[in-house]
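Hi,

Here is the structure I promised to pass on to you. My notes on what turned up in it follow below.

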2 protein chains.
Amino acid sequence: MFSPTIYCCALLFFIPALLQAAGLNQGRWIDLSHDFAADTLYWPTADKFAKSTVFAGETEKGYYYSAYNLAAAEHGGTHVDAPVHFAQDHISVDKIPLEQLIGPGIVIRVADQVGKKDKSDRNYLISIDDIKRWETRHGAIEKDTIVLFDTGSAQFWPDAEKYMGTAERGDAAVAKLSFPGLSPEAAIFLADERGVKAVGLDTPSIDYGASKLFKTHRALFKRNIPALENVANLNALPDKGFTLIALPMKIRGGSGGPTRVVAFIPQ
Amino acid sequence: MFSPTIYCCALLFFIPALLQAAGLNQGRWIDLSHDFAADTLYWPTADKFAKSTVFAGETEKGYYYSAYNLAAAEHGGTHVDAPVHFAQDHISVDKIPLEQLIGPGIVIRVADQVGKKDKSDRNYLISIDDIKRWETRHGAIEKDTIVLFDTGSAQFWPDAEKYMGTAERGDAAVAKLSFPGLSPEAAIFLADERGVKAVGLDTPSIDYGASKLFKTHRALFKRNIPALENVANLNALPDKGFTLIALPMKIRGGSGGPTRVVAFIPQ
C-alpha cells in the first residue's frame, strides 16, 4: 500500500521534527537573564550581590588560577520566587518540580499601557483585559503555559531610578518604588481560569511598585505558582511558540534564588 | 497521489515527534544537581555555602513572609568551571555560550575501575581506554557531545571522607584528597579527537584528588571546554540518548559558579 514515493515524501517531513526532538538542534537559544555583578538591582532593603577575589593570577606552580566568593540576597537580579516566600509550609525553591519551570511560554506585551496618564508613574497594574487582548490575537492560553509579561522595563536596567523608581537604599526607599506589576485579579484569572504553571516579568516584583500587601504574590503562592522576576530580553521572543526553561540555584529551604532563564525558539 | 489512508498513517507517525519538538512533552526530566545547604561539599580551602535568615514568619501586616541571604565560594556543590578558572583571558562563566552547555549527552561508567588495587585509594584516572570501551558498545562519540563520567562517587555524598578522602578543612587537608578524575590524556583525546563541547563528573574536581598541577583543568580550559563537577544522579541516565542542559548562575567575570544540571530523556 505504501509506494516508495509516498514513503519518501512522508520521511522528508518527518526528519526535521525527529532531529529537533532528539537534540534541540533546529532553533535558537535566547538568554533571558541579567548577569550578577555589583550593579545588579536588588530590593532597597536587600543585600546586593558581592563577588570577592580569593585568587586571580599566576600561581607559584607556574599556571594561572582565578576563583571568587559570592554573597547576595536570594531575591535580586534574574530570580524566581518560590511559594514559601509568601505562603507558610508551601514549597521552597529546591522543591519546585523541574516541569513547572520548563514548558511552552508566551509573552504578553503591556509596555504601551505603562505611564499613560503620568509618565513618571510606572505603577501600572496588568489587568485581565491585557491578557484577553493577547487571547483575541492568539487564542485562549493553554493549560500549563508559562506566561511572561513584557512591561518595557528591561530597557532601563541597571538604572535603579528608571527601572524601579528609586536608587535609594534602605527602609525609607520602599515607599518610593514605582514599576509595573501583575494585578491580583489577573494572577487569579491565570491560575484558576487558565491553569498556567508559572508567571514572570521584567520588573523587580510580580506585585507592582506601589504594593503594600503583596496580594499577587500571596494569590500565586497559595496556589503553588512560582514567579520569575527581573527577566531580561523579552523583546527577543515571539508572542508564542517557544519553550521556556528556568533553572534556579537549588537552595535547600530557599524562598527563591538566582535563576538562569532561557528560551528555545524552534526554527 | 496521496490516498486518505496513507495520509493518516503518515500523520500518526508525525504527531508525537512534532509534539515533542514543540514542548518537550514526551519524556522525563532528571535533576542532576545536589542541593545547596550547610552540608554541601566544598574544597577544603574554600568557603562553604551559608544561608542566613533575613525574615521568616508572620509579618505585622498579617501574612507569612520568608527570605534568606546566601554566601559561598563559586566552586562547590554542583557547579561549572569556566575556562578562566585556569586559563588567563579565557571566557568567564557568564560568557560560556548557552549552546556549549546544552546538547546531546552521554555517560561513561568507570565505577568498577576505582579502587581495584587498594580500596582506600580512590585516585583513579579515567583513561582513553575507558572512553574507547564505551565507543566499542555505542559507536564513536559524536562532535559536540557533552560527556559525563559516572565514577560511582555520588553514592557517598555528602560524606566528605568517603566522597573526597577527607572531611578535614584548610590547607593541610588538600594533600589528603582522594577521588577519581579525568586523565589529561583522556581530556585532550575528547577535545582534539572527538570535538566534545563540555565534560562533567560526579567528583569535586575534573582532575583526580591526588593532582598537584591540575593538568586536566589546564588542558580543557586552554581549549575553552568547561567542566561540570559534583554532578548528581548519573545512574538515573542511560549511556546515551538524552539532552543535557546545564545552566550556571550568570556571574559577571566569574571563574565558575552554582549550576543547575538537568537531563531530558525522550520517551
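The buried residues of α2 in chain A pack against β5 (102–109), β6 (125–126), β7 (146–150), α4 (184–193) and β11 (240–248) of chain A, where contact means heavy atoms within 4.5 Å. Helices (H or I, at least four residues) and strands (E, at least two) are DSSP runs, numbered from the N terminus. Before going further: this is a predicted model, with local features needing pLDDT of at least 70 and side-chain atom pairs counting only at pLDDT 80 or more, while totals for chains, interfaces and linings use all residues. Residues are numbered from 1 along each chain as its sequence is written, chains are lettered from A and ligands numbered from 1 in the order in which they are written, and side-chain values use heavy atoms, with hydrogens and water left out.

Back to that helix, residues 128–138: A:Asp130, A:Ile131, A:Trp134 and A:Glu135 are its buried residues (buried is under 20% relative accessible area, exposed over 50%, partly exposed in between; 1.4 Å probe, protein chains only). They fall within an arc of 140 degrees seen down the axis of α2(A), so they line one face of the helix; the arc is that of the directions from the helix axis to the C-beta atoms. Turned away from the buried side are the exposed A:Asp129, A:Thr136 and A:Arg137. Just after α2(A), A:Gly139 has a positive phi of about 95 degrees.

Next, the rings. Phe, Tyr and Trp (its six-membered ring) pair if their centres lie within 6.5 Å, with planes under 30 degrees apart counted as stacked, over 60 as edge-to-face and the rest as tilted. That rule gives 22 aromatic pairs over all chains. One of them is edge-to-face, A:Tyr65 with B:Phe86, at 5.1 Å centre to centre and 65 degrees between the planes. This pair crosses between chains, from strand β3 (residues 64–73) of chain A to the loop between β4 (79–81) and β5 (102–109) of chain B. A:Tyr65 counts as partly exposed at 25% relative accessibility, and B:Phe86 as buried at 7%. B:Phe86 also pairs with B:Phe214: the centres are 5.5 Å apart and the planes at 35 degrees, so this pair is tilted.

Finally, the core: which residues touch the most other members of the largest nonpolar core? Of its 134 residues, they are A:Leu237 and B:Leu237. Such a core is a set of buried Ala, Val, Leu, Ile, Met, Phe, Trp, Tyr and Cys residues joined through side-chain atoms within 4.5 Å.

Best wishes
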